[in-house]
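Student: I have a new structure open and would like to learn how to read its features. Can we go through them one at a time?

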Amino acid sequence: MSIAIITHKECLEHNTGDKHPENRIRLEKVQEALNNSAKRSAFNFYESPLASDENILLCHSERYLTKVKDIIPTEGTVHLDEDTILSSGSLNAARRSAGGAVKAVDLVMAQDSAYKVAFAAGRPPGHHALRDSSMGFCVFNNVAIAATHAIENHGIKRVAVLDFDVHHGNGTQEILEHNGNETLFISFQESDIWPYNKDENTVKNERVLNYPMQTLAPTELYYEAFHNEIIPALEKFKPELVIISAGFDAHRDDPPADALFNDAPGRQLLLEQDFDWMTMRLLDIAHKHANGRLVSVMEGGYNPDVLARSVQSHVETLLDYSAQLSARDKKVA
């Protein structure tokens with residue numbers, strides 16, 4: 001069994017400066033870790049395509065897309081918003097990041113696909129990007145585009161998105177609600193940190209489930225939420241595709257002490273094995289209801305070494321546990 005990994009060198013050309021928390025070093029470290037993995041022979045790498053205007057307009061307004069195109073500088077950098085910096089390479093990087101998520105969906109949804117699982121490693125991240133504006137380092141909402149693309153172009157009805165980034169996936173929630181497709185959005189986030197939106201503490205309806213966590217929450221609370229609420233909600237929803245917004249900034253060692261964040265280091269206490277456990281539970285759901293189809297898309301994580309370790313462990317878990325589930329089925333048959 002193998003896993004598809006989608007990434008592109010142009011995502012490194014999004015130049016925010018080495019002192020910006022979301023910088024090219026993050027992706028360089030991730031790409032290096034994946035290439036050096038002991039499981040490397042089972043990783044099939046694909047280049048992220050450029051997301052088309054049509055892809056982007058599934059989730060963003062034409063006015064916003066035009067704004068992004070028009071503001072790209074020929075040299076130097078500009079601010080798209082207070083936190084989101086653009087350079088001459090940023091438009092293609094953002095298109096590659098969104099296009100990688102779309103490609104991941106296409107690979108797992110293809111008839112007679114060789115892949116059950118795929119991981120898209122791009123930057124800039126996406127889950128804060130709103131329908132009509134950028135936010136929090138994010139230009140286009142990669143996961144929302146991927147989910148909407150799956151419904152609009154692959155003939156499925158139900159997509160579940162789980163976001164375990166430490167910050168609320170406010171943009172994904174807004175866009176999926178606006179689009180009105182049959183999606184289930186679930187988000188873990190630390191309460192009372194950026195982006196300080198009231199919705200993050202609200203279980204709005206059966207299609208939006210938010211789980212605010214106190215600072216340095218006991219890891220058991222994540223496990224309890226999965227057992228008591230998230231898995232039952234997913235079982236009831238019966239997704240035909242599962243997508244993970246895979247931010248690793250809830251790791252115990254993220255961000256580093258010298259990061260340019262308002263948040264203190266060590267916002268949560270999760271370790272690689274905790275992210276891996278959540279990944280396995282989502283694979284259980286995908287295996288039961290979605291023919292094993294799961295797409296994971298990289299979001300936050302601002303200690304580059306910790307991010308690289310976490311991503312490597314996450315991808316290896318996607319590969320190994322998906323293979324275990326498939327082997328178990330064959331044995332039963």
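Tutor: We will take a helix, a cavity, salt bridges and aromatic pairs in turn. Keep in mind that this is a predicted model.

Student: Let's start with a helix. How long is helix H4, from its first C-alpha to its last?

Tutor: Begin with the general idea. An α-helix has 3.6 residues a turn, so residues three or four places apart point the same way. Now the case here. Helix H4 covers residues 90-109, which is 20 residues. Its span is 29 Å from first C-alpha to last. That is close to the 28 Å expected at 1.5 Å a residue.

Student: How many residues of H4 are buried?

Tutor: Of the 20 residues in H4, 17 are buried, so the helix is largely enclosed by the rest of the structure. Buried here means under 20% relative accessible area.

Student: Which residues line the largest cavity?

Tutor: The lining consists of Ile6, Ser48, Ser97, Gly100, Ala120, Ala121, Gly122, Asn142, Val297 and Met298. Two elements give two or more residues to this lining: H4 and strand E10 (294-298). Sorted by class, the lining has five nonpolar residues, five polar residues and no charged ones.

Student: Now charges. How many salt bridges does the structure hold?

Tutor: Side chains of opposite charge can pair when their charged atoms come close. This structure holds 18 salt bridges. Take arginine 96 and glutamate 10, whose closest N and O atoms are 2.7 Å apart. The pair links distant parts of the chain, 86 residues apart. Arginine 96 sits in helix H4, while glutamate 10 is in the loop between strand E1 (3-7) and helix H1 (24-35).

Student: Which residue does aspartate 305 meet in a salt bridge?

Tutor: Aspartate 305 meets lysine 29, at 3.1 Å from N to O. Aspartate 305 is in helix H9 (residues 304-332) and lysine 29 in helix H1, so the bridge ties together parts 276 residues apart in sequence. Aspartate 305 is partly exposed, with a relative accessible area of 41%. Lysine 29 is also partly exposed, at 29%.

Student: What about aspartate 253?

Tutor: Aspartate 253 bridges to arginine 252, with the closest N and O atoms 3.5 Å apart. Aspartate 253 is partly exposed at 30% relative accessible area. Arginine 252 is partly exposed at 42%. Bridges can also join into a network, and Glu182, Glu206, Arg207 and Lys236 are linked that way.

Student: Last, the rings. How many aromatic pairs are there?

Tutor: Rings pair if their centres lie within 6.5 Å. By this rule there are eleven aromatic pairs. In one of them, phenylalanine 188 and tyrosine 222 have ring centres 4.9 Å apart and planes at 45°, so the pair is tilted. Phenylalanine 188 belongs to strand E7 (residues 182-190) and tyrosine 222 to helix H7 (residues 220-237), 34 residues apart. Both residues are buried.

Student: Which residues form one aromatic cluster?

Tutor: The cluster is made of Phe188, Tyr211, Tyr222, Tyr223, Phe226 and Trp277.

Conventions. Residues numbered from 1 in each chain as written. Predicted model: local features only at pLDDT ≥ 70, side-chain atom pairs only at ≥ 80, totals over all residues. Heavy atoms only, no water. Phe/Tyr/Trp six-rings, centres within 6.5 Å; stacked < 30°, edge-to-face > 60°. Helix = DSSP H or I, 4+ residues; strand = E, 2+ residues; numbered from the N terminus. Buried < 20%, exposed > 50% of the residue type's maximum accessible area, 1.4 Å probe, protein only. Expected span 1.5 Å × (residues − 1). 1 Å grid on protein atoms, 1.4 Å probe; cavity = no way out; pocket = protein on both sides within 12 Å on 5 of 7 lines; lining within 4 Å. Nonpolar A, V, L, I, M, F, W, Y, C, P; charged D, E, K, R; others polar. Salt bridge = Lys/Arg side-chain N within 4 Å of Asp/Glu carboxyl O.
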